[in-house]
Amino acid sequence: MNLKAIIVEDEQISREILKKYLSKYCPNVTVIGEATNVDEALQLLRKTDIDLLFLDVEMPYGTAFDLLDKLGNRDFETIFVTAYDQYAKEALNQQAAYYLLKPIEIDELIKAVDIVKSIKEREEEVHVGLSVKEQDGSQLHDKITIPTQEGFEVIPVKDIIYCTADDNYTNVYLANSQKLVSKTLKHFDDMLSEKGFCRIHKSHLINASHVTAYRKGKGGSVMLGEVELPVSPSRKLELFKFFS
């Protein structure tokens with residue numbers, strides 16, 4: 001998993017050292033922005049979607065904790081990078097993923113990034129691809145979760161009409177809305193193939209219960225209400241199994 005990161009640090013030399021270490025030892029981290037004080041950081045973070053924030057504690061115009069308080073709810077992880085160990089307890093109260101002391105030790109930096117990577121991967125597992133569970137732990141096969149900026153949305157499988165590939169993303173089409181999800185179509189195919197869904201084309205996965213008509217041709221096409229999607233010749237027989 002690649003992690004998009006911002007560094008908030010008032011000392012240029014410290015920023016340069018951290019970027020150098022990340023480039024050499026943590027290639028899955030891409031630094032997409034920098035800030036030198038609380039005000040700059042606040043503006044940058046409010047307009048930038050990131051996975052990870054490297055945050056110094058003592059800065060001009062406020063501290064790291066002032067910044068986090070002003071941000072409120074956040075969906076990125078924070079690694080504190082500071083020369084002072086007395087802030088560790090407060091960092092823990094701010095739910096920091098890790099607390100690095102300067103000068104930075106390479107092993108500690110790698111460990112900190114690995115922890116954040118594990119957290120973000122776990123979030124992805126929760127957000128996409130898991131059926132909703134009942135209290136006794138059994139799987140409900142009629143609902144899945146779709147990630148949103150605030151968390152995730154529970155979607156009844158029956159409400160999904162079809163899914164279309166968009167590179168490494170998938171467009172999920174419902175009756176009155178569309179969701180763009182950062183998972184491949186194969187991911188949805190694996191998840192929904194036993195729930196009445198059919199892969200009719202390399203780019204299309206359909207809910208067979210929403211098919212209203214089939215039109216003949218080499219592969220033909222299916223109608224899902226007013227939407228027409230092509231069927232690959234090699235997948236036509238698989239489609240017909242749902243209607244035989």
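Ala213 stands opposite Met223 in strand β17. Strands are DSSP runs of E with at least two residues, helices are runs of H or I with at least four, and both are numbered from the N terminus. The model is predicted: local features need pLDDT of at least 70, side-chain atom pairs count only at pLDDT 80 or more, and totals for chains, interfaces and linings use all residues. Residues are numbered from 1 along each chain as its sequence is written, and side-chain values use heavy atoms, with hydrogens and water left out.

Two strands count as paired if DSSP finds at least two bridges between them. Strands of a sheet pair through backbone hydrogen bonds, either parallel or antiparallel. β16 and β17 form a hairpin, with 5 residues between them. Gly220 lies in the turn and has a positive phi of about 85°.

Strand β17 (residues 221-224) is also joined to β18, by 4 bridges. These two strands run antiparallel. In β18, Ser221 has Pro230 as its bridge partner, and Met223 has Glu228. β17 and β18 form a hairpin as well, with 2 residues between them. In this turn, Gly225 has a positive phi of about 70°.

Together the strands make an open sheet of 3 strands in the order β16-β17-β18, with antiparallel pairing. The edge strands are β16 (213-215) and β18 (227-230), and each pairs on one side only. From one strand to the next, the twist averages 25°. From β17, Ser221 and Met223 point one way, and Val222 and Leu224 point the other way. All four are buried, meaning under 20% relative accessible area, where over 50% is exposed and values in between are partly exposed (1.4 Å probe, protein chains only).

Two helices were examined next. Helix α2 (residues 38-47) and helix α3 (residues 64-71) pack at an angle of about 35°, with their axes 10 Å apart. Axes are lines fitted to C-alpha atoms, for helices over the stretch in contact, and angles run from 0 to 180 degrees between N-to-C directions. The contact (heavy atoms within 4.5 Å) is made by Val38, Asp39, Ala41, Leu42, Leu45 and Arg46 of α2 and by Leu67, Lys70 and Leu71 of α3. By class, the contact of α2 with α3 has 6 nonpolar, no polar and 3 charged residues. Here Ala, Val, Leu, Ile, Met, Phe, Trp, Tyr, Cys and Pro count as nonpolar, Asp, Glu, Lys and Arg as charged, and the others, Gly among them, as polar.

Leu18 sits in helix α1 (residues 12-25). Leu18 counts as buried because its relative accessibility is 4%. Residues up to four places away in sequence aside, Leu18 touches Ile7, Phe54, Ile104 and Leu109. Leu18 and Asn37 are 19 residues apart in sequence and 17 Å apart in space, C-alpha to C-alpha.

The whole protein has 7 helices and 18 strands. Of its 244 residues, 43% count as buried. Among contacts with a separation of 6 or more, 48% come from residues 24 or more positions apart. The C-alpha trace spans about 70 × 40 × 30 Å along its principal axes. The radius of gyration is 23 Å, whereas a compact globule of 244 residues would have one near 18 Å. This radius is taken over C-alpha atoms, and the globule rule is 2.2 Å times the number of residues to the power 0.38.
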